[in-house]
Each structure stands twice: as C-alpha cells, then as structure tokens.
2 protein chains.
Amino acid sequence: MSETVAKGADAKENGAKDSGGKDDSSPGHIRIKNRALILTAAEEVFATQGYRGATTAAIAQKAGLPKANVHYYFGTKEALYHAVLEDILGLWLGELDRITEDSEPATALAAYIRAKVRHSRERPLASKVYANEMIRGARHTRDFLKNELRNLVKEKAKVLEAWAKAGRIEPVEPIHLFSVIWAATQHYADFEVQVGALVGRRQLAAKDYDEAAETVVRLVLRGCGLPYQPGIGS
Amino acid sequence: MSETVAKGADAKENGAKDSGGKDDSSPGHIRIKNRALILTAAEEVFATQGYRGATTAAIAQKAGLPKANVHYYFGTKEALYHAVLEDILGLWLGELDRITEDSEPATALAAYIRAKVRHSRERPLASKVYANEMIRGARHTRDFLKNELRNLVKEKAKVLEAWAKAGRIEPVEPIHLFSVIWAATQHYADFEVQVGALVGRRQLAAKDYDEAAETVVRLVLRGCGLPYQPGIGS
DNA sequence: TCAAAACCTGACCACTTGGTCAAATTTAAT
DNA sequence: ATTAAATTTGACCAAGTGGTCAGGTTTTGA
C-alpha cells in the first residue's frame with residue numbers, strides 16, 4: 001500500500017502452483033521459486049495460526065529463508081496475506097462451471113459436490129485460510145464477495161430457476177442451496193479435527209471423504225426432488 | 001494451569017448469562033458481574049480477532065475495566081480463552097436432547113435444525129469462537145471432542161439406527177448427517193458476511209434465517225426419506 | 001467498629017513482532 | 001569482462017504484548 005513496499009515486487013506475475021520443472025536459468029526464476037516457497041509456507045501458517053498468529057518469522061522459517069527475504073518479496077505481512085487469499089479465491093470460482101443449463105441437474109450437482117469434497121481433502125489449508133477470513137469479517141475480501149462471487153451465484157441461480165421452470169428440479173432458494181453445499185463440503189476441511197474425533201481417527205481416511213460426499217449428494221439431490229443413487233456424478 | 005493464575009479465581013461459580021437482577025449486595029456479586037463482563041467482551045474479541053489477535057487490553061477496554069483487572073480475575077489470556085470456550089461448549093450439547101428414540105423423526109430433526117439456526121442468529125460470536133478453535137486444531141478442546149461430543153453422537157447414532165430399524169427413516173450415516181446439519185446451520189453465523197454479500201444485505205434479516213432453516217430442514221428430511229412440508233418442527 | 005478478605009489499578013518489565021536498512025553477493029545483459 | 005539490477009541477510013528498532021506487583025480502596029463478616 002505505501003511506497004516503501006518491496007523494492008521490486010511487481011511485474012512478471014508468478015503463476016504460483018507449478019514449478020514448471022525445466023528452467024533454472026531463465027530470468028526471474030529465483031523470484032518465481034521464492035515467491036512460491038513463501039506463499040506455500042504462508043498458507044500453512046495463516047491457516048493454522050490465524051492472521052495475527054502468523055508471524056513473518058514463522059513463515060520465513062517454514063519457507064527456509066531469512067525473514068528479511070519474505071519482506072523483500074512481499075513487503076508487508078498484509079500484502080503477503082492478500083497474495084495468499086488471491087491464490088485461494090481463484091480456486092473458489094473454478095469448479096462451478098459444471099452447473100450449466102443444459103447439463104443434467106442430478107449429475108452436475110453431484111459432480112460439483114464431489115469436486116468440493118475432493119478439494120477439502122486436497123487443499124484443507126486453503127479452505128481454512130478462507131474460513132478464517134470470513135469469520136473475521138472478510139475485511140480483505142469484501143469486493144470479491146460483493147462482485148465476483150455474488151455475480152457468479154446470480155448466474156447459477158438462473159440455471160437453477162431454468163431447471164425448475166422446465167420441471168427438471170423442484171424450485172429451491174439458490175443462495176441457500178449453495179450455502180449448504182459449501183458449508184457441508186468445506187466442513188470436512190475446516191472442522192477436520194472434529195470429524196476426526198467423531199470417527200475415532202486422528203486423520204480422516206479416504207472412506208470418510210467418500211461417505212461424506214455420498215451423504216451430501218444424497219441430501220442435496222433429494223432436497224431438489226431428484227432421485228439419488230450411490231455414486232451418481234462420480 | 002500453573003499456580004500463578006488468578007489470586008482468588010475459584011469457588012462460587014459464576015453462572016455467567018443472567019445478571020439476576022436483584023442482589024447488588026450479596027457477597028461475590030462483584031466477582032460475578034465482572035467475570036460476566038469480561039467473558040462477554042472476550043467472546044467478542046476472540047471471535048472477531050482470533051486467539052492471537054485478541055489482546056487482553058482490547059478485552060479489558062470492551063469490558064470497561066483496566067487490563068490488570070482482567071488478569072486479576074482470569075490470570076492468563078489462555079485461562080480466559082478456556083473459560084470462554086467452556087461457556088460455549090455448554091450450549092453445544094444442550095439442544096440435542098430433542099433427538100430421542102420415541103420422538104417423531106421428522107419433527108425432532110426439524111426442531112433441532114431450527115434451534116441450531118436460531119442459535120446461529122442469536123449467538124454468532126460463540127459459533128465463531130468455536131469455529132476458530134476447530135480450524136486451529138482444537139488444541140484446547142481435544143478432550144471435549146473425544147469424550148463428551150463423541151459419546152453424545154454415539155448415543156444419538158443409536159437413536160437414528162433405531163429409527164431406521166423401525167422403518168421410520170431411511171438408514172443414514174449418523175456422523176455425516178450431524179456434520180452436515182452442524183456445518184449448514186453454523187455457516188449462517190461463521191460465514192455471515194458471505195451470505196450477507198450474496199443476499200445483498202449487510203446484515204442477515206429474519207427472513208434469511210427462516211429461509212435458511214427451511215432449506216436445511218427440507219434437505220435433511222428428504223435425505224432421510226421423510227416427507228417435508230414448510231414449517232414442520234417450528 | 002474493625003480487621004481480614006476481596007478488589008482495584010497505574011506503573012512497570014521482559015519479550016515478541018513487523019518492518020527497515022546498509023552492506024554484501026549473485027545474476028543478467030551488453 | 002563489466003556493470004547495472006536483482007537478491008540476500010544480519011543487525012537493528014519502535015511499537016506492542018502478556019503478565020506482574022505494590023500499595024491502595026472497598027466489601028464483608030463478626
């Protein structure tokens with residue numbers, strides 16, 4: 001935000017997730033590698049310690065770099081947090097593509113739910129950072145919620161209404177349907193320890209996620225007046 | 001935990017919620033009043049700032065007391081956090097009483113869900129503190145999860161199985177059914193701002209909570225193979 | 001009335017935290 | 001080879017942070 005931030009922390013974008021594999025010589029490869037290292041470490045520390053509990057020192061240590069290096073690339077802790085969130089918001093919107101007017105309601109909804117559960121299993125830290133951000137009032141995410149997310153939901157609401165008008169599902173309140181789906185699926189990331197305690201395992205097993213997905217798919221399909229059969233949409 | 005904690009912070013229990021109304025003269029009324037003040041303030045600060053982000057100074061200010069006073073009554077920040085959680089865990093277990101073998105499945109489940117939604121509306125801060133605690137790994141709540149909560153769920157699982165055996169509902173995975181119910185209902189407290197952004201209101205209205213409850217009740221009842229009609233269990 | 005117990009609180013402290021910076025080292029491009 | 005740009009990092013700092021404590025005031029019970 002101020003001009004004191006990161007001497008050269010712009011341009012070139014980072015791409016973040018994949019480390020490509022090849023170029024260890026192209027210009028900017030150091031920046032890309034280190035930013036990715038820091039972002040990964042930051043996601044974990046923010047997820048498990050909360051925003052305020054995450055220290056730049058802890059992030060630096062987890063990334064295997066000196067603290068000053070973290071500030072070199074991201075300037076402030078807040079900017080780093082922002083970058084982590086940015087990464088996560090991308091994931092958020094992706095999977096909704098399956099819900100289109102001409103797809104089969106039951107399989108589209110089931111596939112979406114399964115994708116969300118898989119996501120909870122594979123990237124629980126991302127889900128936790130996001131949950132934390134919401135709980136604390138979405139101070140860094142207001143715009144995303146009011147624009148991107150809201151518009152996307154409005155769009156998908158139209159799909160649900162079209163389905164309903166065509167008699168392909170019973171009418172449902174779209175916002176609440178999505179809320180329930182998100183809540184239920186993300187629960188298996190955010191409340192992992194609670195579910196773990198209930199099933200009597202420290203870590204959830206593949207079986208648990210499968211059963212979770214089945215249960216959610218069943219409730220949602222039936223809730224929309226659709227027939228449910230195990231495994232649909234997988 | 002250590003012996004340095006709160007010089008006289010034991011005995012007499014606090015009762016917390018109600019301020020009775022009458023006795024401004026009975027012994028210990030100061031302790032009761034101030035502990036309640038601090039607990040309320042602490043719940044809000046822990047909910048909105050997270051554990052680490054909550055400062056004893058902020059809690060003291062919100063309670064209208066000097067910081068040293070907070071330490072006088074609760075010793076350490078951790079002990080205070082513990083006390084706040086204790087208060088909240090009580091709420092957690094209460095409402096499940098409705099689920100008994102000889103109650104009517106549809107109305108019992110519906111009433112439970114409605115109670116949870118009401119709870120999300122009336123005490124969102126409690127829900128947020130709890131969610132935060134889960135996300136961060138339930139370090140202060142492990143025992144509760146593995147004992148009280150797990151046993152209660154096991155008990156209620158038997159009820160669901162009995163219902164199923166008697167043909168009163170379709171068989172369901174109890175842990176996942178409860179997980180979905182909890183996730184969906186608490187979502188309206190924890191992710192309040194997200195739902196708010198989607199419905200286009202800063203604060204959720206009565207209508208929103210009602211629709212939310214209807215939606216969840218509908219999905220859950222149908223998911224259990226039960227007929228749903230608006231307003232059931234309210 | 002009076003002493004013991006409970007309560008109050010400003011001042012203080014050791015430690016942590018995010019952030020800075022200047023001096024080095026490495027990389028990139030000519 | 002040379003030099004400008006990018007990167008690295010130990011040392012440092014000001015602003016908090018949780019927690020303590022001594023010396024006070026108020027409540028309580030006999």
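Where is Ala138(A) found? The residue lies in the loop between α6 and α7 (142–165) of chain A, and the points below set it in the context of the whole model.

1. Basis of the note. This is a predicted model, in which local features need pLDDT of at least 70 and side-chain atom pairs count only at pLDDT 80 or more, while totals for chains, interfaces and linings use all residues. Residues are numbered from 1 along each chain as its sequence is written, chains are lettered from A and ligands numbered from 1 in the order in which they are written, and side-chain values use heavy atoms, with hydrogens and water left out.

2. Fold of chain A. Chain A has 10 helices and 0 strands, where helices (H or I, at least four residues) and strands (E, at least two) are DSSP runs numbered from the N terminus. Of its 234 residues, 54% count as buried, buried being under 20% relative accessible area, exposed over 50% and partly exposed in between (1.4 Å probe, protein chains only). Among contacts in chain A between residues at least 6 apart in sequence, 67% join residues at least 24 apart, a contact being heavy atoms within 4.5 Å. Chain A exposes about 10900 Å², of which carbon and sulfur atoms supply 49%; accessible areas come from the Shrake-Rupley method with a 1.4 Å probe, and for residues only the protein chains shown count as cover.

3. Relation of the two copies. A rotation of 180 degrees with 0.0 Å of shift along its axis superposes chain A on chain B, with an RMSD of 0.1 Å. The two copies are therefore related as by a two-fold rotation axis. The same surface serves both copies, since 100% of the contact residues of chain A recur in chain B. The superposition is by least squares on the C-alpha atoms of residues with pLDDT of at least 70 in both copies.

4. The loop between α6 and α7. Phi of Ala138(A) is near 55 degrees, a positive value in a residue other than glycine, and Ala138(A) is buried, with a relative accessible area of 0%. In chain B, Ala138(B) has its place in the loop between α6 and α7, with a positive phi of about 55 degrees although it is not a glycine. Ala138(B) is buried, with a relative accessible area of 0%.

5. A contact between chains. Ala197(A) has its place in helix α9 (residues 192–199) of chain A and, at 12% relative accessibility, counts as buried. Apart from neighbours within four places in sequence, Ala197(A) is in contact with Leu145(B), Lys146(B) and Arg150(B).
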